[in-house]
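Thanks for coming. I will go through one structure today, and I will keep it plain.

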There are 4 protein chains.
Amino acid sequence: MIGRSDVQVVDICTPPGTHAEIATAAAARGKAVICEKPLAVSYAQAVEAAEAVRGAGVLNAVGFNYRRLPAVSLMKRMIDEGVVGTIRLWRASWLSDEFVDPKIPFDWRFDKTMGASTIADLGSHLLDLALWMVGPVDEVGGQSETFVRSRSSQQVTVDEASSALLRFESGARGVMEVARTAVRRPCDFTVEVNGDRGTLVFDYSRLNELRFGEGADDPGLYGMRTIRAEHESHPYAKSWWPIGQGVGYGASFINHLGDLLERWPDGPWEPDFAQGAAVQAVCQAIEEAASGHRWVRVNEVASRSVP
Amino acid sequence: MIGRSDVQVVDICTPPGTHAEIATAAAARGKAVICEKPLAVSYAQAVEAAEAVRGAGVLNAVGFNYRRLPAVSLMKRMIDEGVVGTIRLWRASWLSDEFVDPKIPFDWRFDKTMGASTIADLGSHLLDLALWMVGPVDEVGGQSETFVRSRSSQQVTVDEASSALLRFESGARGVMEVARTAVRRPCDFTVEVNGDRGTLVFDYSRLNELRFGEGADDPGLYGMRTIRAEHESHPYAKSWWPIGQGVGYGASFINHLGDLLERWPDGPWEPDFAQGAAVQAVCQAIEEAASGHRWVRVNEVASRSVP
Amino acid sequence: MIGRSDVQVVDICTPPGTHAEIATAAAARGKAVICEKPLAVSYAQAVEAAEAVRGAGVLNAVGFNYRRLPAVSLMKRMIDEGVVGTIRLWRASWLSDEFVDPKIPFDWRFDKTMGASTIADLGSHLLDLALWMVGPVDEVGGQSETFVRSRSSQQVTVDEASSALLRFESGARGVMEVARTAVRRPCDFTVEVNGDRGTLVFDYSRLNELRFGEGADDPGLYGMRTIRAEHESHPYAKSWWPIGQGVGYGASFINHLGDLLERWPDGPWEPDFAQGAAVQAVCQAIEEAASGHRWVRVNEVASRSVP
Amino acid sequence: MIGRSDVQVVDICTPPGTHAEIATAAAARGKAVICEKPLAVSYAQAVEAAEAVRGAGVLNAVGFNYRRLPAVSLMKRMIDEGVVGTIRLWRASWLSDEFVDPKIPFDWRFDKTMGASTIADLGSHLLDLALWMVGPVDEVGGQSETFVRSRSSQQVTVDEASSALLRFESGARGVMEVARTAVRRPCDFTVEVNGDRGTLVFDYSRLNELRFGEGADDPGLYGMRTIRAEHESHPYAKSWWPIGQGVGYGASFINHLGDLLERWPDGPWEPDFAQGAAVQAVCQAIEEAASGHRWVRVNEVASRSVP
């Protein structure tokens, strides 16, 4: 496909361990490249891919599609507008049960060099939102565990569950948990910020809603609002249904591609590989913190991997 | 009061920094002692109090009243019955906004030697449940932050927000967050366990309910049950209302005192000061992990403080 | 008890069919009378009781305790303050499963002359709130059904499920449903009003909350607020817990009795027997509408039963 | 378009008052016809359209798209499988705020002969589900109200809010409410059935979920399950996302058209015009009950309108 002259954009949907190589090859042929997340299975690979697209001067994007959910996009906009004030706390978790059953046979998802860690596979979505909404992460602590260590007589090399503590450069603090071993939690993903003036909560199980609590609000109405993120003034709303009807998962992809196509061919595309690599640096810092049993600075990872 | 011969039980509701001294004095006069949580502001103080009641041979209890909420008690019973299998993951958070307003003047709650850390004040409830449901904690990582560092020109010495990673002796992993600076989160407290066979979720904002997901359940009914923790077979239910009516916060105290009185004067009372001290050891380990920027073993704290 | 001189207040908790007689006897001895709801099993009986207490000049109250839940009381206050504007629509339902099992043996609850209809037993709570919040009902339509018509070889004479359409004198419209045959619905009770300016929703399963949608609110925050009905400015809040902790069913009784005792011995007590009789007139109108298959004016019932 | 030979299927999305004429013309040219709901603004018109497509022998379908939501389709399947037993009670409501603002100028939606009543416009969706899940309706009571009776100096001839009592031929009872004047209720649509063995609840605001309570279930787990209607065994699930991701409103249309295309050109299509006319008969019976202030038998409407 990379060789075809009638293909202008390549969307890489293969296992993460193959992303960098494919992206590099596609960029070398002048293709714009969309890469599903995580960008790579290591920061070094991510940098390699980012360098390749930068060097080739091609448009490039990472498939952090959740940014394009209307409610998540509204959350970002409200943060930027200052409604929560200075962010102090960020928390996010992603709970799934996809690895609970020990009888699931070994496949590439259980091989870290091909499928990436759970920190990167699930956590990169959350960390992308963290960097986007809160800013750069300075330092992390972490832990990881694999409960079913062997499948089909092969060693499982990915973490099944990991959690991390984050200190952002701004001074905000964060907590993140990702797990693929939470029974009857299919894909339960939440992100919350607490600022000095307000709170915003997104819960994927109610993906058309955003909860908002405002410190300066009438105390007699103490509590949170549930915003239906479909008002015509909200991101993407005009392209979708009347308020109350709701979009699904698919809308995140459609909105993402819509945004990219609107900026074709001049760009910029966002988030791009450089941002994908920045997320990967945090993922790797958490991986190292977990295995090394210590706090790790993101810059330490980043500086080590720069060519 | 301690001097009165017609008082048999003392319930200590003073600031945490005064608990050990009062408990010691009451025990010395032969009073049974109930102490509100946390037992102390340091593990050393907690041990001192525990030694005092043990030495005096008086009944003693710590006011971890949330154990006595019907749904929390049912959660413990279901775990003990094995419905979730081996616990792999534990997570808990307690979000409040009581310290958000920087204009709240300094009082003893902002002085760690009197009010205890937020890790101990809010977290001790969560950690009591952790030790009760999952077992001893081996090692912890942590971080703490204080955003409003001075009030009424006095230095605030407690953390406003802290989070921790836990490794239990069983191999289970945990994540805990406590914060008093989450706008419009009045007292939002959740505890969840994921075992290899099931999930249980308690959310204080719906305190009469317990959510339960069972891996072996009919896949065509994929999801979780919301158990109304008021069935006549459930803990404490027979003493309360018909199913569906619901109890409030007060029931946790009434149930606790009911349990203690039922065992008067022979005991044992539960949780007792020894358990309160065990919780305090984990709190202190998290405090040390946060300030020392390193993982801390609970036994390291415990062994250091033993007389 | 009625004969004892040291008893000043009688609280009648016997089956509804006995209320009028006991209330009349108690009033004749000068006792203040609290009568659990419904006041009677017919409007004629209710009027008899109301006349008795009025004639005897004794304080009297009907146990519509749900008025005294903080969130319900706040709902009434907000309506009175005009936040929803002119009420156009009222809806309420009460779903229970207490009569689902056909093996439950016959007892007085299945005998309409003793236990009252389900319209009166469950519906009187809802209709009390309707009259309190929206005003008098002009006319009703209704339907009733009994699915298990015989128990222990005795005929069941109460409705198991009924529903009604209401036209209020103000022009507002209402819908009410009561059922004791809704599987796994223990006591699910909701009340909602829609005015020309706003909406208020109370759901008993979250009894410390009140949802509020305001038409004039910022459209960019489209949705409803979830008010935690425990702010210190809210009804009853100062007597209870810090915000976020929550009360249970028992608080409705305690608040009710607190209100009555505060007004002892001068009164007035509220809701009183006259209000209880007004509710009973609507209940009976719905009963007649259901059995007569026609709309029934409440005044038709009321005028027929006046002495 | 009807005249074009390369058009095989016509989807009529014009105002309801024009449906019958367009459908008749399209059928006369041999086109298959999909008609958005409601099929017409009167039962007579609906019968005319149904006769036309029957006479022409063309495939025909009414756009009751909500049937095709996975959770609604699962609800139907579970009812057919008997999991709730014999249905006793059905309730449904649809609350919107689209007509709240009195400044919205007059357009065809406010003209009953063009836009159909709110009973037909919103209620036909609910009544289609009622006939599909519970069976034919025997008799109805109803009420309707229009609060803003004139817009742009023109008389509003549609109801803004209506409610109805239903007796099904099976003996089940139903309650339905539709309103376009419920502030901050964008499109809140719920359907519930209570059978002698179980309860099923669908709430559009959580459209990927179905709640299920089973009478024979373990009483110690008293409550309802929240089924995530995306398991691979569920209707339409294999065509969509992994469990937990969720579909939106659009999926109802895509699933509907998918079903129709799978059966092209042999049919049958479902629901068809005959079913659309059956729904319209119930709508009209409710309209007549509301205006006539009496119970109306659906057969009375149906027999009157048959050619």
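Take Cys13(C), which is exposed, with a relative accessible area of 60%. Keep in mind that this is a predicted model.

Now look at chain B. The sulfur of Cys35(B) has its closest cysteine sulfur in Cys13(B), at 8.6 Å, and that is too far for a bond. The cut-off for a disulfide is 2.5 Å between the sulfur atoms. Cys35(B) has 0% relative accessibility, so it counts as buried. For those new to the term, a disulfide is a covalent bond between the sulfur atoms of two cysteines. How many disulfides does a search of the whole structure find? Zero, over all chains.

Next, a sheet in chain D. Three strands form an open sheet there, in the order 1-2-3, with parallel pairing. Strand 1, residues 9-12, and strand 3, residues 60-62, are the edge strands of chain D, and each of them pairs on one side only. On average, neighbouring strands of this sheet are turned by 10° against each other, direction ignored. As background, strands of a sheet pair through backbone hydrogen bonds, either parallel or antiparallel. Between strand 1 of chain D and strand 2 of chain D, residues 32-35, there are four bridges, and the two strands run parallel.

What lies across strand 2 and strand 3 of chain D? Helix 8 of chain D, residues 273-292, does, and it runs at about 35° to strand 3 of chain D.

Staying in chain D, we come to helix 3. Helix 3 covers residues 70-80 of chain D, and nine of its 11 residues are buried, so the helix is largely enclosed by the rest of the structure. Among the buried ones are Val72(D), Leu74(D), Met75(D) and Ile79(D), and Lys76(D) is on the list too. After helix 3 of chain D comes Gly82(D), which has a positive phi, near 90°.

Back to chain B, for a buried strand. In strand 8 of chain B, residues 161-168, eight of the eight residues are buried, so this strand is largely enclosed by the rest of the structure. Which residues point which way from strand 8 of chain B? Ala161(B), Ser163(B), Leu165(B) and Arg167(B) point one way, while Ser162(B), Ala164(B), Leu166(B) and Phe168(B) point the other way, and all are buried.

Strand 8 of chain B has two neighbours to mention. Strand 5 of chain B, residues 137-145, is joined to strand 8 of chain B by eight bridges, and the two run antiparallel. Within that pairing, Gln143(B) has Ser163(B) as its bridge partner. Strand 9 of chain B, residues 173-179, is joined to strand 8 of chain B by seven bridges, again antiparallel. Ser163(B) stands opposite Glu177(B) in strand 9 of chain B. The hairpin of strand 8 and strand 9 of chain B has four residues between the strands, and Gly171(B) takes a positive phi near 100° there.

Last, how the chains meet. Chain D is superposed on chain C by a rotation of 180° with 0.0 Å of shift along the axis, at an RMSD of 0.0 Å. That is the relation of a two-fold axis. The residue of chain D that comes closest to this rotation axis is Arg294(D), at 2.9 Å by its C-alpha. The contact uses 54 residues from chain D and 54 residues from chain C. About 4,100 Å² is buried between chain D and chain C, and carbon and sulfur atoms give 51% of it. Arg88(D), Gln143(D) and Arg184(D) supply 21% of the area that chain D buries against chain C, more than any other three residues.

Then chain D and chain B. A rotation of 180° with 0.0 Å of shift along its axis also superposes chain D on chain B, with an RMSD of 0.0 Å. In chain D, the C-alpha nearest that axis is in Arg225(D), 1.9 Å from it. Here the contact takes 17 residues from chain D and 17 residues from chain B. The buried area is about 1,400 Å², with 56% of it from carbon and sulfur atoms. Leu221(D), Tyr222(D) and Arg225(D) supply 44% of what chain D buries against chain B, more than any other three residues. Why do the copies meet through the same surface? Because 100% of the interface residues of chain D are also interface residues in chain B.

How values were computed. Residues are numbered from 1 along each chain as its sequence is written. Chains are lettered from A and ligands numbered from 1 in the order in which they are written. This is a predicted model: local features need pLDDT of at least 70, side-chain atom pairs count only at pLDDT 80 or more; totals for chains, interfaces and linings use all residues. Side-chain values use heavy atoms; hydrogens and water are left out. Two strands pair if DSSP finds at least two bridges between them. Axes are lines fitted to C-alpha atoms, for helices over the stretch in contact, and angles run from 0 to 180 degrees between N-to-C directions. Contact means heavy atoms within 4.5 Å. Buried means under 20% relative accessible area, exposed over 50%, partly exposed in between (1.4 Å probe, protein chains only). Copies are superposed by least squares on the C-alpha atoms of residues with pLDDT of at least 70 in both. Buried area is the accessible area (1.4 Å probe) that two parts lose on being put together, summed over both.
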